[in-house]
Amino acid sequence: MASNNLILRWWRQLRFDVPRMREHAPSRGRVGVVVLSIATVAGVVVLIFGPMGWFEHRYGGGWWGIGTVVLMYALALTVRRWMKRRNETTTLSLARATAPSQREGMLARRKIVATMVSRAAREVGLHAGVATDAPVGAVRAAQLQRLRAEGLWESVPTSLQAMLAAPEGSWNTETTGRVLVHLEVIVVLNWILKESYELPSLSRGGAVDGEMLREALIGKADRGSYLRTEAEIARQEGPTRVYLARLQNELVKRGATEGEVDEEMEKYAGQYMMYAASVGEAEVVAEDLPLKGGLIRDAPTADLLHLRGVAAVRMVTLAATRDVLMGLGLERMDEVVEGIIDVNTLIFYATI
């Protein structure tokens, strides 16, 4: 989720609402609240620090004295913030000193998923006729060789082995799409492994990060020792579940998927908004949950179907990694990897 920095929250709220002010009354109201909040904070700062600045200017060396005090405060706040983050990290790390097998198991499964997603990206390029430097078959051969050299081939489910061994260009569009959705497994595992500071909001729409995929595929040297805690993972599961339910309800209403609208889950959308506001996701507005700078209710059906798959993958991956941390083994992680070929099953298990 996004940062809880107040100035950053104001900026994001203004960036979201200002372009909509002319046609949207709630946006005008929110912009007014932000402007009033900024004016109030500025007034409080002047009332508190104005007399201090006047005293320092008159009796403490003029502008040089004021500059010295400001610099001291800035250094003190910087050191305090650094120490706070370090202490929080140390506390969380001591709470969960993970066994090497847990971390290595997650890294191995991340590489298998990254290989599948990379192959899917290759298939997209071949079907689209995008020219590449590598001849047809070269990427497939390199991937198989890498998995065997690193001792991971035997860990790849049999069904996925067949897909990786199939000739390049033989995957159909449906299979390719199902695999690409699982880039979200890498997103979640990067966060679990503390290689990323925060878990990106689902409102980004499952955006593809080619550099992240490349690093997961190559497998840079891992010097980490700790994983996220069960509590950190649990805090992400609730909002993910609500987001997934909102997407499912919208798709049911549009007739794009089977099922019934879950009226109870509509109420929980407010819980997601409160959670998102508490972590600084100012894009959340009262009307609906956000998606790519807009709202879920206004998004194209194709985007909603894709994001539902992404949210389902996130949901089951979070649950699987929590099981690992609780000492229940890596079986659930293996189910996530095998689920690459059956996103619909993942969606079912994520929504029950």
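I counted 13 salt bridges in this predicted model, taking a salt bridge as a side-chain nitrogen of Lys or Arg within 4 Å of a carboxyl oxygen of Asp or Glu. Local features need pLDDT of at least 70 and side-chain atom pairs 80 or more, while totals for chains, interfaces and linings use all residues. I number residues from 1 along each chain as its sequence is written, and side-chain values use heavy atoms, without hydrogens or water.

**Arg 322 and Glu 237.** I looked up this salt bridge and found the closest N and O atoms 2.8 Å apart. Arg 322 sits in helix α12 (residues 301-325) and Glu 237 in helix α10 (residues 230-254), so the pair ties together parts 85 residues apart in sequence. Helices here are DSSP runs (H or I, at least four residues), numbered from the N terminus. Glu 237 is buried at 6% relative accessibility; Arg 322 is partly exposed at 23%. My cut-offs are under 20% relative accessible area for buried, over 50% for exposed, and partly exposed in between (1.4 Å probe, protein chains only).

**Glu 250 and Arg 254.** I found their side chains in a salt bridge at 2.9 Å, N to O. The two are four residues apart in helix α10, about one helical turn. Glu 250 is buried at 8%, and Arg 254 is partly exposed at 31%.

**Arg 297 and Asp 298.** I noted a salt bridge here at 4.0 Å, N to O. Arg 297 is partly exposed at 40% relative accessible area. Asp 298 is exposed at 56%. Elsewhere, salt bridges with shared partners join Arg 246, Glu 250 and Arg 254 into one network.
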